Structure formats: C-alpha cells, structure tokens
Amino acid sequence: AKEGDAFAREPPAAVPAPPAPVVKPAVPPPSPESKRSDFAGTTIAIVKPNLYDHGHTFGEFKIFSAIMWGAQELGAKTVVVKNRADAASLTGNIIVVSDQYTDDALKRAVSAKRRYNVDFWGTPQQQVARGTKVNEYLVPYPYPCGNTMIGFRVEDKAYRADPPPKKKGLVLILGKEAKYFTPAVRRALDAVS
C-alpha cells in the first residue's frame, strides 16, 4: 500500500459543530423623549408679528410652520414674537427665525447668537443683508446661491393643527390667468365661491 492509502480508508473526522450563536439582548430603540432632547432648552423665536394674518406669500407661512413643527419634534420650544415685550421676555438659548419683511429693530430686540431669514425664492450673495451670511437664508428648495435648503411640510394633520386655521373652508386656487381655467373649472369655482 502506498503511503496515505491507510488514511483514505479511515472514516473522515467529524465536522465540528458550528459555535452556538451568541444571543445578545436586543437594544431597544431610543425613547421618543431621548430623540426629542437634541434641542432641549432651545427656543426658536419666530419673529413675525403678522405670521397668522399677513398678506405675503403662503409659501413662507408654510416654511415657518414647518420650522415650528420640526423644532417641537426635536424638543425645542417655539414662540411667535409679535412685539418688543415678547422679544424682551426671551432668555436662554434662542435661535431667531424671521424674514426680510419684518422690522429689523424688532428682530434685533431678541437677544440671540444665531439668526436665520426665511426667503421662499432664495437670496443670492449680492442681496444678503449686512451682517448676515448667504447660508443664513432658509429656503424650501435647493438654490445654487448658497442658501440653506430646509424644505417644508406640505400636508398632514400636524401641519393643519398647528396653528389652527382661522377660517374653515378656505380654498386657494393657483392660476396664472383666468383664461387658463376651462369652463368646467369656472363652474366649479362659481359653485364654491
């Protein structure tokens, strides 16, 4: 017999059993409260006296609402600053969010290290107000000019509930000119107006 033939006739060695799985206790997901603590102790001051009843673009209102909702979800407190007394009452870690239509003196009346401006259409560098940076302008869409894109919530229960609508049954129809409305659309509009 050749060397190694003897080993070929022996039964193969038993394959060792795989190691027993190590059972680790499941790590529970973080509690909602721990997720909310990112901005605990921070107040987002929306400096916009006419936030709920102004005549500016509805898009900016939606951005402000989204900021308020998001800040509350992260554990921050939100407050709408309507006058100097509101501004003077704020203390602590304050982040100011306003827009170009709000009085600068009222915006400066809030003591804050961080300030942002909402601008639905974007603000290029050459239009940035003195003392601010282009990335301190918050916009709902990405713009190539360097503004910070935050998006906005379009529709859901949280948006509709905060703030509660002043009037029920308000419908906003967007159209460039009346000539774009078909006769069927005009009849429908006449029925609801």
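What share of the contacts between residues at least 6 apart in sequence join residues at least 24 apart? In this predicted model, the share is 50%.

The protein has seven helices and six strands. Along the sequence, these elements follow the order α-α-β-α-β-α-β-α-β-β-β-α-α. The protein comprises 193 residues, of which 28% count as buried.

The largest nonpolar core contains 16 residues. Those with the most contacts inside this core are Ile44, Ile46, Leu51, Phe64, Ile67, Val97 and Val118. At least two residues each come from strand E1, helix H3 (58-73) and strand E3 (93-99). H3 provides the largest share, with six residues. Isoleucine 67 touches Ile44, Ile46, Val97, Val118, Leu138 and Ile150, leaving aside residues up to four places away in sequence. Another core, of nine residues, lies apart from the largest one. Its members include Ala45, Val47, Ala87 and Leu106.

Threonine 42 belongs to strand E1, which covers residues 42-47. Its relative accessible area is 5%, under the 20% cut-off, so threonine 42 counts as buried. Beyond residues up to four places away in sequence, threonine 42 touches Ala76, Lys77, Asn93 and Ile95. Threonine 91 stands 49 residues from threonine 42 in sequence. In space, the C-alpha atoms of threonine 42 and threonine 91 are 9.7 Å apart.

Key:
Residues numbered from 1 in each chain as written. Predicted model: local features only at pLDDT ≥ 70, side-chain atom pairs only at ≥ 80, totals over all residues. Heavy atoms only, no water. Helix = DSSP H or I, 4+ residues; strand = E, 2+ residues; numbered from the N terminus. Buried < 20%, exposed > 50% of the residue type's maximum accessible area, 1.4 Å probe, protein only. Contact = heavy atoms within 4.5 Å. Core = buried A, V, L, I, M, F, W, Y, C linked by side-chain atoms within 4.5 Å.
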